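User: I am new to this structure and would like a close look at its strands and at the charged pairs on its helices. Please take me through them slowly.

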Amino acid sequence: MNTPRIFSDAMLEQYLLGELDHALTNEIDTCLTKDEALQKRLDALQADNERFLEEFPPRVMAAAIKQRARQAKAPQRAAFLIPGLAGAGATLALLLVVLVGYPMIASKLPSDAVQTENNGIVYYKGLSPQLHVYQKQGGEATHLDDGQVVKHGTVLQLGYLAAGKAYGVVMSLDGRGTVTEHWPERGNQAALLQKEGEVRLPFSYQLDDAPRFERFYLVVSDKTFSKEIVRDALQKMARQPQAQSSAELSLPEGLSLASFLVMKTAD
């Protein structure tokens with residue numbers, strides 16, 4: 001008889017952050033469908049993480065780390081105290097992700113983020129969800145500009161910037177009015193997002209021969225929502241040819257939208 005696999009809290013934290021390899025992620029996915037206790041542990045960790053992030057937003061923490069390190073003329077990973085941390089109930093794994101990941105977080109801030117400083121802490125305003133598209137050729141990935149023209153058959157990779165939002169869906173609408181669901185690949189609920197920094201989806205997408213364009217949509221929210229909401233909005237738009245390439249969707253309150261247009265040519 002096989003002994004049930006024991007997953008540590010640190011491993012479940014990595015699962016929530018999307019940092020485990022494909023095989024281990026699939027193993028946890030399978031166990032979650034059979035093990036109610038494991039699902040409750042995962043839900044508790046996620047709720048704890050969200051409470052922690054509300055009290056100590058990563059951008060503010062990262063800026064505080066940088067400021068204190070500069071003042072002390074010490075490395076950015078030097079230890080420091082956060083008032084009230086002992087009562088925050090956050091896991092050590094999440095804290096380490098924020099501390100060690102500071103250089104990555106800072107490098108991914110978009111150019112339209114406005115920096116202000118108050119009592120030694122830097123705040124960023126104007127940060128909004130973004131959808132990025134890359135053209136893949138061999139092992140190289142080239143960032144495309146919104147509205148750029150590419151050929152049918154081009155292989156694309158998508159990436160998102162959640163800007164603090166917790167859940168999201170990525171879909172697209174092409175010149176034939178076809179709606180394609182890109183992410184999440186399974187289920188009918190929005191996927192859990194990594195709230196800071198750009199995240200590239202772990203698969204590529206090849207443009208078919210649908211004419212004129214394909215517009216990709218990232219829809220995000222602070223709370224989980226059904227993929228059907230986005231699918232219905234896109235299918236409604238598909239019935240209005242004059243609006244098919246529109247960057248706007250009719251969505252319920254509480255959902256935010258980012259989009260990216262790729263123009264297509266057969267040449």
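User: To begin with, what percentage of the 267 residues of the chain count as buried? After that, please look closely at strand E11 and its partners, and then at the salt bridges.

Analyst: This is a predicted model, in which local features need pLDDT of at least 70 and side-chain atom pairs count only at pLDDT 80 or more, while totals for chains, interfaces and linings use all residues. Residues are numbered from 1 along each chain as its sequence is written, and side-chain values use heavy atoms, with hydrogens and water left out.

Of the 267 residues, 44% count as buried, where buried means under 20% relative accessible area, exposed means over 50%, and partly exposed lies in between (1.4 Å probe, protein chains only).

Strand E11, residues 213-221, is mostly covered, since nine of its nine residues are buried. The cover extends to both faces: Phe213, Arg215, Tyr217, Val219 and Ser221 are buried on one side, and Glu214, Phe216, Leu218 and Val220 are buried on the other. Strand E11 pairs with strand E7 (residues 167-174) in the antiparallel sense over eight bridges, pairing being assigned if DSSP finds at least two bridges between two strands. Within that pairing, serine 172 has phenylalanine 216 of E11 as its bridge partner. Strand E12 (residues 256-265) also runs antiparallel to E11 and is joined to E11 by eight bridges, with glutamate 214 facing valine 262 of E12 as its bridge partner.

Turning to the charged pairs, a search of the whole structure finds 10 salt bridges, each being a side-chain nitrogen of Lys or Arg within 4 Å of a carboxyl oxygen of Asp or Glu. In one of them arginine 41 meets aspartate 9, with the closest N and O atoms 2.7 Å apart. Arginine 41 belongs to helix H3 (residues 36-55) and aspartate 9 to helix H1 (residues 9-17), so this pair ties together parts that are 32 residues apart in sequence. Arginine 41 is partly exposed at 31% relative accessible area, and aspartate 9 is partly exposed as well, at 43%.

Another salt bridge links arginine 186 with aspartate 29, the closest N and O atoms being 3.0 Å apart. Because arginine 186 lies in the loop between strand E8 (179-183) and strand E9 (191-192), while aspartate 29 lies in helix H2 (residues 22-32), the pair ties together parts 157 residues apart in sequence. Arginine 186 is exposed, with a relative accessible area of 58%.

Within helix H3, lysine 40 and glutamate 36 are four residues apart, which means that about one helical turn separates them, and their side chains meet in a salt bridge of 3.6 Å, N to O. Lysine 40 counts as exposed at 54% relative accessibility, and glutamate 36 is exposed at 58%.

Notes: Helices (H or I, at least four residues) and strands (E, at least two) are DSSP runs, numbered from the N terminus.
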